[in-house]
Amino acid sequence: MTEIRTDLDAGSDFDTLCEAATRLIALLPHPPTTLKISHGLASAELTWSDGFPAVVTTSTLSVADDSPSTADEGLIQVRAPLVGTFYHAPEPGAAPFVSVGDTVEAGQQVGIVESMKLMNPIVAETAGRVVEIPVPDATPVEYDQPLVVIAPGASSACDTLFPGPGGR
């Protein structure tokens, strides 16, 4: 069940709330069965079905380098094509290629892997919305390690959270 209050302005504050909820859900070990979001004085409520924890503490939050649940959810992982160092931006101090919540196109550069002093562009294979960047900037990566996770075809964080007609 998903409940959204639509009597409020559906402007950028609501989109920001959806993006924050998307990032939160990406960190959880199990997706909730219920998500309620209110815009006025911002609130969120997550519930789980029996068998999953009702309360998630920071000690139960973990981001695995290779989460099998991502494939099960229909998310696409952009993986390292070689061993090297992953960079979020083209140079130190520059804006990152992408951030969580950004929409990407197929073929768009999402990062760089430096290997043997060569800068290798990392590109998205599909269009969608970035839901997770599990590797910190300037971090060594292994071959086939997930670098960026994309929800294919999602045009906004709210579309990712609430797919289908009349999402909000």
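## Close-up views around V148

**View 1. The contacts of V148 in the predicted model.** Leaving aside its neighbours within four places in sequence, V148 is in contact (heavy atoms within 4.5 Å) with I76, Q77, V78, F86, V110, V130, E132 and P134. The residue lies in strand β11, which covers residues 146-152; helices (H or I, at least four residues) and strands (E, at least two) are DSSP runs numbered from the N terminus. V148 counts as buried because its relative accessibility is 1%, where buried means under 20% relative accessible area, exposed means over 50% and partly exposed lies in between, with a 1.4 Å probe and protein chains only. Between V148 and S99 the C-alpha to C-alpha distance is 9.4 Å, although 49 residues separate the two in sequence.

Residues are numbered from 1 along each chain as its sequence is written, and side-chain values use heavy atoms, with hydrogens and water left out. This is a predicted model, in which local features need pLDDT of at least 70 and side-chain atom pairs count only at pLDDT 80 or more, while totals for chains, interfaces and linings use all residues.

**View 2. The largest nonpolar core, with V148 and L147 among its residues.** A nonpolar core is a set of buried Ala, Val, Leu, Ile, Met, Phe, Trp, Tyr and Cys residues joined through side-chain atoms within 4.5 Å. The largest one has 16 residues, and those with the most contacts inside it are F86, V104, V110, V141, L147 and V148. Strands β7 and β11 are the elements that give two or more residues to this core, and β11 provides the largest share of it, three residues. Not counting residues up to four places away in sequence, L147 touches V78, R79, A80, F86, V113, I122, I133, P134, V135 and V141.

**View 3. Strand β9 with its partners β6 and β11.** Strand β9 (residues 128-132) is mostly covered, since five of its five residues are buried. Two strands pair if DSSP finds at least two bridges between them. Strand β6 (residues 103-104) pairs with β9 in the antiparallel sense over two bridges, and V104 stands opposite G128. Four bridges join β9 to β11, again with antiparallel strands, and within this pairing E132 has V149 of β11 as its bridge partner.

**View 4. The open sheet of four strands, in the order β8-β7-β5-β10.** The pairing throughout this sheet is antiparallel, and its edge strands, β8 (118-123) and β10 (139-141), each pair on one side only. From one strand to the next the twist averages 35 degrees, with axes taken as lines fitted to C-alpha atoms (for helices over the stretch in contact) and angles running from 0 to 180 degrees between N-to-C directions. Six bridges join β7 (residues 109-115) to β8, where S115 stands opposite L118.

**View 5. T85 of strand β5, between β10 and β7.** Strand β5 (residues 84-87) is joined to β10 by three bridges and to β7 by three bridges, the strands running antiparallel. T85 stands opposite P140 in β10 and opposite E114 in β7.

**View 6. The whole protein, for orientation, with its three helices and 11 strands.** From the N terminus on, the elements run β-α-β-β-α-β-β-β-β-β-β-β-β-α. Of the 168 residues, 34% count as buried, and residues 24 or more positions apart account for 62% of the contacts with a separation of 6 or more.
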